Amino acid sequence: MRTRLLLSIFSLVIAILPLPGVAMSEPGLANQPLSEYRSRRMRLMDEVKEGVIVVSGAHEADFGEVGRFRQHNHFQYLTGVETPGSYLILAPKGLPKGLSKGLNELEGVRELLFVPARDLRAERWTGPQLGPGSEAEAAFGLERVLAATGFKETLERLSAIEKVLYAVIPRPQDTTRTRELMLVEQLRNLVSAANNPSPDGTTKVAGEVRNVASVINRLRQTKSQPEIAMLQKAIDATGAAHSGVARTLRPGVYEYEIEGDILGTFVRFGATRASFPSIVGSGIYSTVLHYNQNRKRIESDELVVVDIGAEYSYYAADITRTYPSSGRFSARQREIYDLVFAAQRRCEESVEAGKTTLGQLTQVAREVFKASNLRGKDAQGVEHTMDYFFIHSTSHWLGMDVHDVGDSRPLKPGDVLTIEPGIYIPVEKLGVRIEDDYAITPSGLHKLSAAIPSTATDIEAAMKKGGARP
């Protein structure tokens, strides 16, 4: 039987004590204060204004027997509650009269959380959990916490009263988000039934299910200071892993050995997991963008692209460095590396809050590559300028998802992004990518990963310092 992540003992501890590295003057969840989650819920309700918002949490069964439970990002963002099998209802105008079997004790309530009731026999296996009631309301900072068994009936009553129900509707390509799809289908069925004529021939006001994902995404795109603190923790753990790579990477080592050290460092530095499958690509695999088999033996004089990120309290890092397997770049490797580094610097210099977009950063990097005197050949032997070998965007948003939610508007304070130009020349088995994480502040661009060595000279020095090479 899987272990439930939110135990009442743990909840009480984090309700009164700040966790390491994060200062909180009030109770919190997942290293963020309760007021942070409350503020997010209030802003969401201010934006929606009408109807009722219904959000599903993850269930333990979603992860099978081997997956570690992880709460859905939208649910976690709004509540911080990691209890499996939970649901959230938000009512911008307050819940309507008549929702609670005529008792009306929920009338006017704006926040309603449903969690599984306690099962004392099951808790012999899982440990004590926090069930519905006043204790959970205090620990979670929500108005009402009820038993999950009442969720379905509450939805049925709401569908007969409310004209608009909001839910997170996954995109068609998001086929893994089955729990949210199931909730959307349930809501649509309830609305359809409520819209049918009643036995006396009258028809109630037609209801509908609307997508609230875009509204939550807009809120998530701009990060608060508590969120930036979690991102910095994830970046620091990732930096420690890169330091380990510089010490241990050498010819004869297998890519998976490097990956094992990376994952171990993440855990030692307090990260929950990797934010995406680690990429350790040597030789020809340095030119494969999302290579993650990591089974090859690293040979002499190869480049090794190491693209990794730790996840800390639901926030993801994404840092790439390229290492020369023998400890020093060859002349060709060095000139390509220096060009990629120059493109990254030019992108940094071009950022202007309120004006620059992610698409413009890609164009800046492409122009640097095109203007270079360096050349490379394709598989047919045709020579090209370096922009030909730059095959991806320069930047993406960063947050709870490693490729985080966000639209294409100009950068503004609170945005967190990557800048990651790269050049990939398969016929030379040569790939270089340099990726760092940045926050937009009122005073400009702040490099969150500045402590991680990134120049070619610093990379070589870090590898030599490891003692593995002369």
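Residues are numbered from 1 along each chain as its sequence is written, and side-chain values use heavy atoms, with hydrogens and water left out. In this predicted model, local features need pLDDT of at least 70 and side-chain atom pairs count only at pLDDT 80 or more, whereas totals for chains, interfaces and linings use all residues.

Side chains of opposite charge can pair when their charged atoms come close. A salt bridge was defined as a side-chain nitrogen of Lys or Arg within 4 Å of a carboxyl oxygen of Asp or Glu. Under this rule, 28 salt bridges were counted. One of them joins R179 to D62, with the closest N and O atoms 2.6 Å apart. This pair links distant parts of the chain, 117 residues apart: R179 lies in helix α7 (residues 178-195), and D62 in the loop between β3 (52-56) and α3 (73-79). Helices (H or I, at least four residues) and strands (E, at least two) are DSSP runs, numbered from the N terminus. Burial was assigned from relative accessible area with a 1.4 Å probe, protein chains only: buried means under 20%, exposed over 50%, and partly exposed in between. R179 has a value of 17% and is therefore buried, while D62, at 32%, is partly exposed.

A salt bridge also connects R273 and E311, whose closest N and O atoms are 2.7 Å apart. R273 belongs to strand β9 (residues 273-274) and E311 to strand β12 (residues 310-312), so that distant parts of the chain, 38 residues apart, are linked. Both residues, R273 and E311, are buried.

D436 and R321 form a salt bridge with an N to O distance of 2.7 Å. The two residues are 115 residues apart, with D436 in strand β20 (residues 436-441) and R321 in strand β14 (residues 319-324). D436 and R321 are both buried. Through salt bridges that share partners, R321, R345, E348, D436 and K447 are joined into one network.

Rings of Phe, Tyr and Trp (its six-membered ring) were paired if their centres lie within 6.5 Å; planes under 30 degrees apart count as stacked, over 60 as edge-to-face and the rest as tilted. Eight aromatic pairs were counted by this rule. The ring centres of F63 and F69 are 5.5 Å apart and the planes stand at 65°, so this pair is edge-to-face. F63 is partly exposed at 25%, and F69 is buried at 1%. The pair of Y285 and Y291 is stacked, because the centres are 4.3 Å apart and the planes are at 10°. Y285 is partly exposed at 33%, whereas Y291 is buried at 5%. Ring pairs also link Y87, F114 and F151 into a cluster.
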